[in-house]
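The exercises that follow are to be worked with the sequence and the three-dimensional structure at hand. Each task is followed by a solution in steps.

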Amino acid sequence: MNTVTQKLIAGGVVEKFREDGFVHVERLLSPKLTRDVQAELEVLFDAPVEETVPTNEPMLVCWRHRPDGNRSIFPLSAAPYCQSVFDRTQLLGLCSELSKSDYLQLMEAVVFSKPAGIGEAFAWHNDASFYPVDPVDHISAWIALDTCNEETGALQFAVGSQVYKDVGSVNVKTGERLTDSGAGTEALSDPSALGLEIRRVDMQPGDVVFFNGYTMHCSPPNRSLISDRRGMSLRFLTQPSRYAPESGKSATFVRQICEAPGELVTNQCFPVVYQKEKP
Ligand SMILES: O=C(O)CCC(=O)C(=O)O
């Protein structure tokens with residue numbers, strides 16, 4: 001285990017993650033790697049909208065979260081600096097320690113761009129309630145690429161909300177329910193009404209917030225007139241999972257699942273990126 005990871009663990013990140021459902025780690029990416037990732041993404045966001053879903057490798061989904069917004073889809077290999085986060089940082093090792101899993105399978109790589117002045121809010125949701133895989137347990141690593149604060153629309157988390165598990169899916173722009181299923185649905189519309197503490201996570205470029213797939217989160221609009229707010233979320237299944245389609249559940253990555261319902265999702269679009277050797 002690398003010394004950065006050792007120090008974080010000695011400082012209690014694993015316990016914090018288990019209790020709160022998320023943990024903020026400062027400066028996990030070096031300033032140089034952060035700049036390289038920012039520059040690479042600027043090129044992709046400036047390119048004409050691209051919708052082709054790669055069939056033989058992971059994709060990078062670039063969302064423009066604005067009223068007229070759309071998304072572009074690129075092969076992850078078109079963004080080598082983004083991809084290099086796996087090898088050049090402690091992100092995977094930390095995901096393994098935090099989730100207590102020796103197995104991490106890349107499920108999704110998404111960039112959320114909220115441009116200055118027009119970047120929209122995200123309604124309360126948890127990610128696991130959207131994903132048609134079983135088991136759906138996963139961990140997300142959300143990497144800040146711009147300053148995230150009250151004004152630019154930093155992520156907010158409902159502390160300890162991971163215990164509610166499946167809360168059902170919503171339209172993330174409007175908060176409108178897409179399904180009434182979900183054991184913890186009452187938690188979704190207003191987590192604070194259930195007595196859950198809401199905590200905003202202010203971040204600097206290169207910081208990472210790790211969160212449990214069941215942890216409820218949202219973010220307000222970007223009210224800054226000069227600063228964009230971008231973040232890249234990498235999500236990892238923490239065990240082999242089967243395709244389990246269900247109404248109200250969907251995500252862009254589902255278009256890459258070629259397995260039949262009930263089969264383990266093993267195709268090369270979802271590589272196992274971390275697996276500890278068994279002694
Ligand atoms: O970037 C945001 O504000 C929302 C991100 C989000 O909901 C996620 O990563 O699951």
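A residue is buried if 20 or more other C-beta atoms lie within 10 Å of its own, exposed if 12 or fewer, and partly exposed in between, the C-beta atoms being placed from the backbone. The structure is a predicted model, in which local features need pLDDT of at least 70 and side-chain atom pairs count only at pLDDT 80 or more, while totals for chains, interfaces and linings use all residues. Residues are numbered from 1 along each chain as its sequence is written.

**Exercise 1. Determine whether arginine 235 is buried or exposed, and describe its surroundings.**

Step 1. Locate the residue: arginine 235 belongs to strand S12, residues 229-237. Strands (E, at least two residues) and helices (H or I, at least four) are DSSP runs, numbered from the N terminus.

Step 2. Apply the burial criterion: arginine 235 counts as buried because it has 24 C-beta neighbours inside 10 Å.

Step 3. List the contacts, where two residues are in contact if their C-beta atoms, placed from the backbone, lie within 7 Å. Apart from neighbours within four places in sequence, arginine 235 is in contact with Met107, Glu108, Asp127, His138 and Ser140.

**Exercise 2. Identify the residues around the ligand and classify them.**

Step 1. The residues around the ligand are then Phe112, Phe122, Asp127, Ser140, Trp142, Leu155, His217, Ser219, Gly231 and Ser233.

Step 2. Assign them to elements: strand S7 (138-144), strand S11 (217-219) and S12 each give two or more residues to this shell.

Step 3. Sort by class, counting Ala, Val, Leu, Ile, Met, Phe, Trp, Tyr, Cys and Pro as nonpolar, Asp, Glu, Lys and Arg as charged, and the others, Gly among them, as polar. The shell has four nonpolar, five polar and one charged residues.

**Exercise 3. Describe how strand S2 pairs with S3 and with S4.**

Step 1. Note that two strands pair if DSSP finds at least two bridges between them.

Step 2. Treat S3: five bridges link S2 (residues 59-64) and S3 (residues 71-75) in the antiparallel sense. The two strands form a hairpin with six residues between them, and cysteine 62 stands opposite serine 72 in S3.

Step 3. Treat S4: S2 and S4 pair in the parallel sense over four bridges, with tryptophan 63 opposite phenylalanine 112 in S4.

**Exercise 4. Examine the backbone at proline 135, lysine 100 and lysine 165.**

Step 1. The peptide bond from aspartate 134 to proline 135 is cis, with omega near -5 degrees. Proline 135 is in the loop between strand S6 (133-134) and S7.

Step 2. Lysine 100, a residue other than glycine, has a positive phi near 55 degrees. Lysine 100 lies in the loop between helix H5 (91-99) and S4 and counts as exposed, with 11 C-beta neighbours inside 10 Å.

Step 3. Lysine 165 likewise is not a glycine and has a positive phi of about 55 degrees. Its loop runs between strand S8 (156-158) and strand S9 (198-200); lysine 165 is partly exposed, with 17 other C-beta atoms within 10 Å.

Definitions and conventions: A residue is near a molecule or strand if its C-beta atom, placed from the backbone, lies within 6 Å of it.
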